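Please keep the sequence and the model in view while reading.

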Amino acid sequence: TKIISKEIMLQSKLFTKTFREALKDEKSLNSQLLIRAGFVDKLMAGVYSFLPLGFLVLKKIEKIIREEMNKISGQEIFLPTLQPREKWEITKRWKIEEMFKLKNHQGKDFGLGWTHEEVITPLVQKFVKSYKDLPTFAYQIQNKFRDELRSKSGLLRGIEFLMKDLYSFHANEQDLDRYYEKVKKAYFTIFQRCGLGDHTFLTLASGGSFSPYSHEFQTITPFGEDTIYFCQKCKIAVNKEIITREKNQCPNCKSKKLEIKKSIEVGNIFKLQDKFSKPFNFTFIDKDGKRKLVLMGCYGIGLSRLMGTVIEVHHDKKGIIWPKSVAPFDFHLIQLENSKKVKIAAEKLHQNLQKNNYEVLYDDRREKTAGEKFADADLIGIPVRLVVSERTLEKMSVEIKKRNEKEVKLTKLNKIKDIEQDIKL
RNA sequence: CGGGGUAUAGUGUAACGGUAGCACGAGUCCUUUGGGAGGAUUUAGUCUCGGUUCGAAUCCGAGUACCCCGACCA
């Protein structure tokens with residue numbers, strides 16, 4: 001609550017407004033709803049600004065991810081986006097077209113970070129000399145840039161996007177394997193906490209040039225751009241890109257009864273092995289006194305994509321339905337009429353909720369009809385709507401309605417405990 | 001990058017090659033107040049450049065932007 005300015009909490013002061021209609025150039029559901037509700041603005045194809053409401057959601061997601069990364073010993077760092085050509089020549093990845101490249105006025109080449117192995121490997125190398133320094137884990141949450149041939153689907157594939165990347169460094173393969181499984185678990189926790197748990201499944205995918213496999217976390221939704229072959233029994237999937245190689249069977253039970261589903265890749269984890277330590281000659285002295293290559297893993301989650309995915313999964317005709325954990329606010333308090341009586345009661349409730357550490361978007365004094373306020377609330381999608389009006393005040397009550405339910409309920413105005421009881425989600 | 005589509009006011013949409021209109025929004029006033037209310041009034045627009053034509057939002061060419069399909073996607 002402390003980090004939110006008063007202006008954001010009062011809807012009359014919030015500088016963004018809702019739009020009644022979707023923009024004609026926005027076809028994807030997530031960007032349509034996010035733009036209409038005032039969470040994001042599109043600067044150009046694949047590049048979005050995060051407005052007050054959207055930034056709050058992004059920060060909620062970031063907090064969840066940060067907590068889970070810290071739990072598995074991640075140390076948060078902040079890395080440069082502007083990167084010198086030389087590092088990328090070492091790994092022979094300067095030629096990759098996905099990287100935005102630019103020159104300074106002296107003609108020196110730079111690339112914008114689309115991933116950070118070329119920065120973090122030599123960085124950690126400066127400090128890690130012995131097996132005693134291993135394993136170690138560092139992560140960053142930053143904007144990355146990818147010169148996609150075609151950005152699309154709103155937040156699902158941007159050319160500038162927010163991403164968390166965790167990098168792990170190990171003395172041996174067993175340690176890498178052990179940690180890899182640990183991250184897998186943490187990832188499930190993250191997607192669970194973000195409200196995607198029921199739709200997100202581990203998926204076997206191509207490991208690129210350095211590993212037979214990688215694991216993706218795929219959220220099943222009708223508008224996903226990936227295709228996976230899903231085993232209902234084992235709750236595991238195989239990405240279409242390697243299904244033939246996997247002989248069209250479930251990697252677990254070997255069943256061939258796989259369902260073809262559209263899905264969104266919300267996370268991807270890789271065992272990098274010595275792919276990057278080798279070109280940088282990142283070695284350490286092991287217990288046996290021998291010099292060995294450090295083994296690495298990398299683990300990514302696109303936060304902005306995750307935000308878009310949440311909407312693809314949680315919405316209805318009227319708008320967004322935020323899971324409680326990533327909603328911009330806990331309550332949307334609507335003061336239906338602007339009479340003195342209603343105003344005083346609503347303000348008091350607002351303060352009371354704040355005192356109890358709830359985050360509240362307070363539709364305080366806008367001269368709008370009830371229908372419009374309700375429509376705005378449905379579009380914005382805060383989990384619980386509270387209405388204070390002449391009608392509810394006749395019973396000294398506040399009306400409570402959950403965004404994902406139809407029923408409304410009246411509760412005594414001054415009993416926060418009762419309100420809490422009623423909103424148990 | 002290949003293919004397709006679109007471009008008119010802040011937003012959405014009309015206008016045969018011949019006066020750029022409507023709705024929403026925004027401003028002012030009045031009436032309203034439990035699901036985008038009503039009336040009056042104001043505001044604001046043809047993506048850019050070039051061509052055809054007496055005359056172009058409309059036809060032609062180029063450019064740009066955006067969207068979609070595909071390819072690509074650590």
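A residue is called buried if 20 or more other C-beta atoms lie within 10 Å of its own, exposed if 12 or fewer do, and partly exposed in between, with C-beta atoms placed from the backbone. Helices (H or I, at least four residues) and strands (E, at least two) are DSSP runs, numbered from the N terminus. By this definition, 7 of the 8 residues of helix H2 (residues 29-36) are buried, so H2 is largely enclosed by the rest of the structure.

This is a predicted model, in which local features need pLDDT of at least 70 and side-chain atom pairs count only at pLDDT 80 or more, while totals for chains, interfaces and linings use all residues. Residues are numbered from 1 along each chain as its sequence is written, and chains are lettered from A and ligands numbered from 1 in the order in which they are written.

**The chain as a whole**

The secondary structure of chain A comes to 11 helices and 23 strands. The radius of gyration of chain A is 24 Å, close to the 22 Å that the globule rule gives for 425 residues, so chain A is as compact as a globular protein of that length; the radius is taken over C-alpha atoms, and the rule is 2.2 Å times the number of residues to the power 0.38. Along its principal axes, the C-alpha trace of chain A spans about 80 × 60 × 45 Å, and 43% of the 425 residues count as buried. Two residues are in contact if their C-beta atoms, placed from the backbone, lie within 7 Å. Among contacts in chain A between residues at least 6 apart in sequence, 67% join residues at least 24 apart.

**Helices H2 and H3**

The buried residues of H2 are Leu29, Asn30, Ser31, Leu33, Leu34, Ile35 and Arg36, and they pack against strand S1 (40-44), H3, helix H7 (303-313), strand S17 (315-316), strand S18 (319-320) and H9. After H2 comes Gly38, whose phi is positive, near 85 degrees.

The buried residues of H3 include Leu53, Leu56, Ile61, Ile64 and Met69, and just after H3, Ser73 takes a positive phi of about 70 degrees.

**The nonpolar core**

A nonpolar core is a set of buried Ala, Val, Leu, Ile, Met, Phe, Trp, Tyr and Cys residues joined through C-beta atoms within 7 Å. The largest such core has 107 residues, and those with the most contacts inside it are Ile61, Cys194, Leu303, Ile382 and Leu386. Helix H3 (residues 52-71) gives the most to this core, with 8 residues. Leaving aside its neighbours within four places in sequence, Ile382 is in contact with residues including Trp322, Phe329, Phe331, Leu361 and Arg403.

**Strand pairing**

Two strands pair if DSSP finds at least two bridges between them.

| Strands | Sense | Bridges |
|---|---|---|
| S3 (residues 75-76) and S7 | parallel | 2 bridges |
| S7 and S8 (residues 160-170) | antiparallel | 10 bridges |
| S8 and S16 (residues 295-302) | antiparallel | 8 bridges |
| S19 (residues 331-335) and S21 (residues 384-388) | parallel | 5 bridges |

In strand S7 (residues 136-145), 7 of the 10 residues are buried, so S7 is largely enclosed by the rest of the structure, and S8 is mostly covered, with 10 of its 11 residues buried. Within S7, Ala138 is the bridge partner of Gln75, Ile141 stands opposite Lys164 in S8, and Gln142 stands opposite Met163 in S8. Lys164 also stands opposite Ile301 in S16.

An open sheet of 5 strands has the order S20-S19-S21-S22-S23, with mixed pairing. Strand S20 (360-363) and strand S23 (408-412) stand at the edges, each with a single partner strand, so one side of each is left without a neighbour in the sheet. Neighbouring strands of this sheet are turned by 25 degrees against each other on average, direction ignored. Axes here are lines fitted to C-alpha atoms, for helices over the stretch in contact, and angles run from 0 to 180 degrees between N-to-C directions.

Helix H8 (residues 340-355) lies across S19, S20, S21 and strand S22 (397-402), running at about 165 degrees to S19. Helix H9 (residues 370-380) lies across S19, S20 and S21, at about 175 degrees to S19.
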